[in-house]
Amino acid sequence: DVLPSPEGPVPSVSITEIRQYLRAQGIPFHDGYSCLHTPSLFTGPPPGREEQPSPAASAPYTLFIDKTTGSFLCTATLAEGTWQDFQANVELRHRGVPTPSSEEPEEDTRRAREDARCIWDRALPLWELLDEDETNKTKAMFGISLVTDATLKRFGVRYLRTAKSLVFPWFNPRDATLKGLKLVRVEKKGDAIAYVEETLPRFDSYHNLFGLPLISRRDTELVLTGWELDALALHQATGVASLALPRGATCLPPALLPYLEQFKRITLWLGEDLRSWEAAKLFARKLSLKRCSLVRPGNLQPRPLDALNQGLNLTKILRAALPASHKSIVSFRQLREEVFGELVNTEQVAGVKWARFPELNKLLKGHRRGELTVFTGPTGSGKTTFISEYALDLCMQGVCTLWGSFEINNVRLAKIMLTQFAAQRLEDQLELYDEWADRFEDLPLYFMTFHGQQNIKTVIDTMQHAVYMYDITHVVVDNLQFMMGHEHLSVDR
């Protein structure tokens, strides 16, 4: 995915400007947690044509404007766009032109939906397999023996025999048609088992909040989990409204925020390791700290499915969740649990380990947030080659990475990284290109489109935009000298 290019960066808009514009246009709004709520421009008659004197005063507030980026989503019609699109639509309505409600889906999206529909039709509800024995074996394979048929039925989970995969549906929130699917299968690695996921459409456009159709307008409390099976276990054990994020603890796409606005309290219970804990703190900032609580990972607080299987009291764990917003001054008593967590998980606290560089782990321990590592070496000594390998290693472990290559262009950089990823010369086996490119495309990897000398502020703004949109936790700048330009060398670097 390429971020907006420097030739036409997305003009940033402040929340003050958004509010002033809405007031000037006479559009009523109220302040939500991460969005402003207004009546939709895409439903009802245009202004000046309606009977009531006030503009859409009685209309439901189904249009949400992101306070950070200004982009909007109408949950009634699924129309979405940038702040500039929103202003253009307001102009159209003033002229009495009907606003377009939603575009036709693109070819790729349409094909993904058709494929999803075929798979969905072939998949069977788990309780309708050949016999009880097959059902029990299948459930045991996925570790969901304690999840009841009623829960599976409620969430619409199916099983695809040919692929030995559980199938989780993504329904359109507006008309309940099938938009996509997630397939999960189990792979044995020695004694351990790993879950392998695949989505239709592909990961970057798969924005399903699993369980959303079961949420009622009256629900004000929610638990956000990092995995579909956790949402099932949680709902079954506690009866609380629970949703699963599409990519677990990797990212929380801003496009999902409007659907989370109705909740006064959100508890994040993403997983059992420290990375899930770090992600939960990051997501809570996006969702507004004052309404979020976090379940701290620990031996007695594993992920919800494990908690159900171990016979733990999930309601009790939820009650013990910590508020995300803490005051400016704390006592050791409030930090006590956190300190204990750091002592228990010393390996995880050290950061994400490199899989291919054991010697580097001895030096740096792992990749941690908020740290700066500088690599130096003469021209041609292999800095870029090494750093692309180093970043790829982390990216393959789910660390969202942003590349700013000011020295070589993105096509060459992507070629180097793809070759390293495939661990072979693709020039000699072009028939394998698509297969490797598909796998490479699913990595949480983004490139800035700058080249040569840049204004530092523009670069920083782009980085901040990327952090908000894609939950970037690792930024590579290659290299500082090129970014600064050569005339800056005399100033204090």
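Lys 164 counts as exposed, because its relative accessibility is 52%; buried means under 20% relative accessible area, exposed over 50%, and partly exposed in between (1.4 Å probe, protein chains only). This is a predicted model, in which local features need pLDDT of at least 70 and side-chain atom pairs count only at pLDDT 80 or more, while totals for chains, interfaces and linings use all residues. Residues are numbered from 1 along each chain as its sequence is written, and side-chain values use heavy atoms, with hydrogens and water left out.

- Most residues other than glycine have a negative phi, and most peptide bonds are trans.
- Lys 164 has a positive phi of about 50° although it is not a glycine, and you will find Lys 164 in the loop between strand S7 (158-160) and strand S8 (165-171). Helices (H or I, at least four residues) and strands (E, at least two) are DSSP runs, numbered from the N terminus.
- Leu 78, not a glycine either, has a positive phi of about 65°. Leu 78 sits in the loop between strand S4 (72-74) and strand S5 (80-81), and Leu 78 is buried because its relative accessible area is 18%.
- Leu 200 and Pro 201 are joined by a cis peptide bond, with omega about -5°. The loop between strand S10 (192-200) and strand S11 (221-225) holds Pro 201.

**Strands and how they pair**

- Strands of a sheet pair through backbone hydrogen bonds, either parallel or antiparallel. Here, two strands pair if DSSP finds at least two bridges between them.
- An open sheet of five strands runs in the order S6-S7-S8-S9-S10, with antiparallel pairing. Its edge strands are S6 (124-125) and S10, each of which pairs on one side only.
- Within that sheet, strand S9 (residues 178-189) and S10 run antiparallel and are joined by nine bridges. Val 186 stands opposite Tyr 195 in S10.
- Strand S1 (residues 30-31) pairs with S2 in the antiparallel sense over two bridges, and S1 and S2 form a hairpin with three residues between them. His 30 has His 37 in S2 as its bridge partner.
- S2 also pairs with strand S3 (residues 63-66), in the antiparallel sense over four bridges. There, Thr 38 has Leu 63 in S3 as its bridge partner.
- Which residues cover the two faces of strand S2 (residues 35-38)? Cys 35 and His 37 lie on one side, Leu 36 and Thr 38 on the other, and all are buried.

**Helices**

- Helix H16 (residues 456-470) has 15 residues and reaches 21 Å from its first C-alpha to its last, close to the 21 Å expected at 1.5 Å a residue. The expected span is 1.5 Å times one less than the number of residues.
- Buried residues in H16 include Val 459, Thr 462, Met 463, Ala 466 and Tyr 468. Just after H16, Asp 471 takes a positive phi of about 55°.
- Glu 278 belongs to helix H7 (residues 274-287) and counts as partly exposed because its relative accessibility is 32%. Glu 278 and Ala 249 are 29 residues apart in sequence and 8.8 Å apart in space, C-alpha to C-alpha.
- Phe 332 is in helix H10 (residues 332-344), and Phe 332 is exposed because its relative accessible area is 54%.
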